[in-house]
Amino acid sequence: MRIRIVGAGVMGRGIAQWAVTAGHTVELADARPESVDEAVGFVTGMLGRAVEKGRTSAEDAAAAAERLVPLRSPLAPGDGVDLVVEAVLEDLAVKTELFTGLEKVLPASAVFATNTSSLSVTRIAAGLADPPRLAGLHFFNPVPLMRIAEVIPGAATRPAVVPFLVDLVERSGHRAVVVADTPGFLVNHAGRGLITEALALLEEDVADAAGIDRIARDVLGLRMGPFELTDLTGLDVTASVIDTVWQGFRHSERLRPSYLTPNRVAAGLHGRKTGRGFYDHGPDAPGVPAEPPVTGDAARPVHVPGDTPDAREVRRVLRAAGAVLDEGERPGDRAVTLVPVWGTTVAAAVAELGLPSGRTLGVDPLSLDTRRRVLAMTPACDPDAVRDARAVLARSHDAAVPVPVSVVRDTAGSVAQRLLASIVSVAASIAERAIATPADIDLAVTAGLGYPHGPLAWGDRTGAARMLALHRALYGTTGDPRYRPTRWVTERAQLGLPLTEAGAPPPHAAR
């Protein structure tokens, strides 16, 4: 296939490397001819590195380099071009003007694809004489390593274009997901679940950025915490995507931005590229402060009230670690009380059960069998009780290797539950709008965001009914509409179906 790529920046050169490696001939063009020369040098260099690392042979690399054809002008005639992939400035007028010019010099059979990450595919196509020939083909950076691409039909895209692009992507070594033309498409939309909730936790001073990141990594299993990831990608970019998706969905409460980001962006706290973000960066940066040492009394008795599955699990974990359990119906005078919370607060449990407020803390059930346990303290907690509860919860079957324990402020659901609830509910809202299939949602998020599980499959690991209970508890406790349970989760929990179940298509879908 002969592909013309217009735009020789980071994305264009990455797409070019992917395409020539897959055996396609690539015409590479840019408004700045010197950018084309730089991109050819970059791609050639990357092919050489692949040879050095044993990923390809010298002969295959040389053949791929031969398939890269620099063009003097993006609007050069090209009767043999099968596909155009545009990767220029994220500006509607610029993209429309480019495609309008390409229509005049390329055959009518050539498919047009835009690599836009934020603009409406339909609006870009609307400026063409033949709108049905254009669709979105959104890659992720770095293109050769991020083996996923979103195929986005516009409102007028002809039916044959989508399978054409899906087949191209799949035959060229990447996975393709078909996504409706909506704000943020799929991956950028789904990614709002984690970062918007993390920012909400930071707003409420539940924990600092490093504390939230530790819980995200060690309890949820993310490779990077939300604030580490934001510092890597740049808060200016992240904040723009947050606002674009929120505005595009008519100010959906589930996607509500944080008041923290505008001032931080204005102050240049963008992350690694400016030297400061949620963390300090650079050779003289002090690094992330170490966690405070465990200094409490690990032999202090612990009372776990109730006979719920979560309460029984807390007692099981503590017994296995050799903790001293207070088995009385009421906590003894010296015992600290640990209450497992699921979408609720420790303060509510203190009031409901008549527990001693100074000696009662919450424990997140999600954290019990992970690399980190999480305690929640209320404003009434005695500091000695907090230190001792932390020491007890740090116990493990190996006394020489304690379990790290984070202490956070009391909030409905604690940190990990709120992050997971948001990740799942945003993905569920994508599914119920038919923006993408459940399978494509999970595939795109794991490939594009590096989550340990697809968000819907992640919810199934917890259980649809338990996820619904979490969403209802968060909504009921806070009254915040961002936690309102989705129809997708509610129906599947009520019907005993997994969250990954698409169900039969409705009758109107066949028309």
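Biologist: In which sense do strand 9 and strand 10 pair, and over how many bridges?

Modeller: In this predicted model, strand 9 (residues 302-303) and strand 10 pair in the parallel sense, over two bridges. His303 is the residue that stands opposite Thr337 in strand 10.

Biologist: What kind of sheet do the five strands form, and in what order?

Modeller: The five strands form an open sheet with mixed pairing, and the order is 9-10-11-12-13.

Biologist: Which strands stand at the edges there?

Modeller: Strand 9 and strand 13 (405-409) stand at the edges. Each has a single partner strand, so one side of each is left without a neighbour in the sheet.

Biologist: Which helix packs on that sheet?

Modeller: Helix 15 (residues 383-393) packs on the sheet and touches strand 9, strand 10, strand 11, strand 12 and strand 13. The direction of helix 15 makes about 165° with that of strand 12.

Biologist: And strand 11 with strand 12: parallel or antiparallel?

Modeller: Strand 11 (residues 360-363) and strand 12 (residues 373-377) pair in the antiparallel sense, over two bridges. Val363 has Leu375 as its bridge partner in strand 12.

Biologist: Back to strand 10. How many of its residues are buried?

Modeller: Five of the five residues of strand 10 (residues 336-340) are buried, so the strand is largely enclosed by the rest of the structure.

Biologist: Which residues point which way from strand 10?

Modeller: Val336, Leu338 and Pro340 point one way, while Thr337 and Val339 point the other way, and all are buried. In a regular strand, side chains alternate between the two faces of the sheet.

Biologist: Changing topic, what is the strand order in the sheet of eight strands?

Modeller: That open sheet has the order 3-2-1-4-5-6-7-8, and its pairing is mixed. Strand 3 (68-70) and strand 8 (175-178) are at the edges, each with a single partner strand, so one side of each is left without a neighbour in the sheet. From one strand to the next, the twist averages 25°.

Biologist: What does strand 1 pair with, and in which sense?

Modeller: Strand 1 (residues 2-6) pairs with strand 4 (residues 83-86) in the parallel sense over four bridges. Strand 1 also pairs with strand 2 in the parallel sense, over five bridges. Ile5 has Val85 as its bridge partner in strand 4, and Val6 has Ala29 as its bridge partner in strand 2.

Biologist: Why is strand 1 described as largely enclosed?

Modeller: Four of the five residues of strand 1 are buried, so the strand is largely enclosed by the rest of the structure.

Biologist: Where does helix 2 lie?

Modeller: Helix 2 (residues 33-52) lies across strand 2 (25-29) and strand 3, and it runs at about 165° to strand 3. Helix 4 (residues 92-105) also packs on the sheet, where it touches strand 1, strand 4, strand 5 (111-114) and strand 6 (134-139). The direction of helix 4 makes about 165° with that of strand 5.

Biologist: Now the helix pairs. At what angle do helix 19 and helix 20 pack?

Modeller: Helix 19 (residues 464-478) and helix 20 (residues 487-495) pack at about 135°, with their axes 8 Å apart. The two helices are therefore oblique to each other. Helix 19 passes helix 20 in a left-handed crossing.

Biologist: Which residues make the contact?

Modeller: Helix 19 contributes Ala464, Ala465, Met467, Leu468, His471 and Arg472, and helix 20 contributes Val489, Thr490, Arg492, Ala493 and Gln494. By class, the contact residues divide into six nonpolar, three polar and two charged.

Biologist: How do helix 8 and helix 11 cross?

Modeller: The axes of helix 8 (residues 192-203) and helix 11 (residues 235-248) come within 11 Å and cross at roughly 105°. These helices are therefore roughly perpendicular to each other. Arg192, Ile195, Thr196 and Leu199 in helix 8 meet Thr238, Val241, Ile242 and Val245 in helix 11. Their contact has five nonpolar, two polar and one charged residues.

Biologist: What does Thr230 touch, leaving out residues up to four places away in sequence?

Modeller: Thr230 touches Ile195, Leu235, Thr238, His270 and Phe278. Of these, Ile195 and Thr238 also take part in the contact of helix 8 with helix 11.

How values were computed:
Residues numbered from 1 in each chain as written. Predicted model: local features only at pLDDT ≥ 70, side-chain atom pairs only at ≥ 80, totals over all residues. Heavy atoms only, no water. Pairing = 2+ DSSP bridges. Axes fitted to C-alpha atoms, helices over the stretch in contact; angles between N-to-C directions. Contact = heavy atoms within 4.5 Å. Parallel < 35°, antiparallel > 145°, perpendicular 65-115°, else oblique. Left-handed = near helix turned anticlockwise from the far one by under 90°. Nonpolar A, V, L, I, M, F, W, Y, C, P; charged D, E, K, R; others polar. Buried < 20%, exposed > 50% of the residue type's maximum accessible area, 1.4 Å probe, protein only.
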